[in-house]
Amino acid sequence: MEHQIISRSAEETMNLGQKFVALCKPGSTFCLTGDLGAGKTTLVRGIAKALNIKSVVQSPTFNIMKVYFDGDKPLIHIDAYRLADLNTDIGLDEYIGYETGITVIEWPEFIKNLIPENAIEVNITHVKDDERNIKIVSNDKEFMEGLK
Ligand SMILES: Nc1ncnc2c1ncn2[C@@H]1O[C@H](COP(=O)(O)OP(=O)(O)OP(=O)(O)O)[C@@H](O)[C@H]1O
Ligand SMILES: [Mg+2]
């Protein structure tokens, strides 16, 4: 199933992240794709806000992974960009889909073999100025219905 949403501000994208938290099951994985500055991290900030995480969510580009424990549920934020040519198992699979938490993966294409089959795919594209097209693909009927 697929659903498209137009966001007209960073705030609207954050609100969508909050909606994701309200609708998803614990252990859910979100895969975020989109160009530089599309709004991937902004969406993660919305997810963090909904989980009452007080830390500031930054792009984990230099960390590969950051886990936030200071909210209602753990938030696992992975940026696989720098794993592109690293054919090394660094144990990320232990965190992805962590049963009580929410996992969000930027650049999932670089760790394809670690992505759970039921991951929710989110692709953000720049339309113009502050306008973004956000496409969500998932087989979770309840989740998809909730977005409408
Ligand atoms: N509708 C919108 N949704 C999301 N962000 C928006 C929107 N309109 C404007 N912005 C701005 O676009 C920027 C998005 O930056 P963000 O860091 O979230 O992108 P990113 O996809 O994570 O980029 P990168 O790949 O460089 O990490 C922010 O400065 C945000 O304020
Ligand atoms: Mg980012």
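Start by selecting strands β2 (residues 29-34) and β6 (residues 120-128), which pair in the parallel sense over five bridges. Here strands are DSSP runs of E with at least two residues, helices are runs of H or I with at least four, and both are numbered from the N terminus; two strands pair if DSSP finds at least two bridges between them. Click on L32 and you will find its bridge partner, V122, in β6.

Before moving on, note that this is a predicted model, where local features need pLDDT of at least 70, side-chain atom pairs count only at pLDDT 80 or more, and totals for chains, interfaces and linings use all residues. Residues are numbered from 1 along each chain as its sequence is written, while chains are lettered from A and ligands numbered from 1 in the order in which they are written.

C31 has I105 as its bridge partner in β5.

Now show the whole sheet. It is open, with seven strands in the order β1-β7-β6-β2-β5-β4-β3 and mixed pairing. At the edges lie β1 (2-7) and β3 (65-68), each pairing on one side only. From one strand to the next, the twist averages 20 degrees.

Zoom in on β3 and you will see it run antiparallel to β4 (residues 75-79), with four bridges between them. One pair to pick out is K66 with its partner H77 in β4.

Time for the helices. Select α2, which lies across β2, β3, β4, β5 and β6 and runs at about 170 degrees to β5. Such angles run from 0 to 180 degrees between N-to-C directions, with axes fitted as lines to C-alpha atoms, for helices over the stretch in contact. Ten of the eleven residues of α2 are buried, so this helix is largely enclosed by the rest of the structure. Buried means that 20 or more other C-beta atoms, placed from the backbone, lie within 10 Å of the residue's own. These buried residues pack against α1, β2, β3, β4, β5 and β6, with contact meaning C-beta atoms, placed from the backbone, within 7 Å.

Finally, select ligand 1. Of the 17 residues around it, T13, G39, K40, T41 and D130 come nearest; a residue is near if its C-beta atom, placed from the backbone, lies within 6 Å. The elements giving two or more residues to this shell are α1 (10-23) and α2 (40-50).

How values were computed
Two residues are in contact if their C-beta atoms, placed from the backbone, lie within 7 Å. A residue is buried if 20 or more other C-beta atoms lie within 10 Å of its own, exposed if 12 or fewer, and partly exposed in between; C-beta atoms are placed from the backbone.
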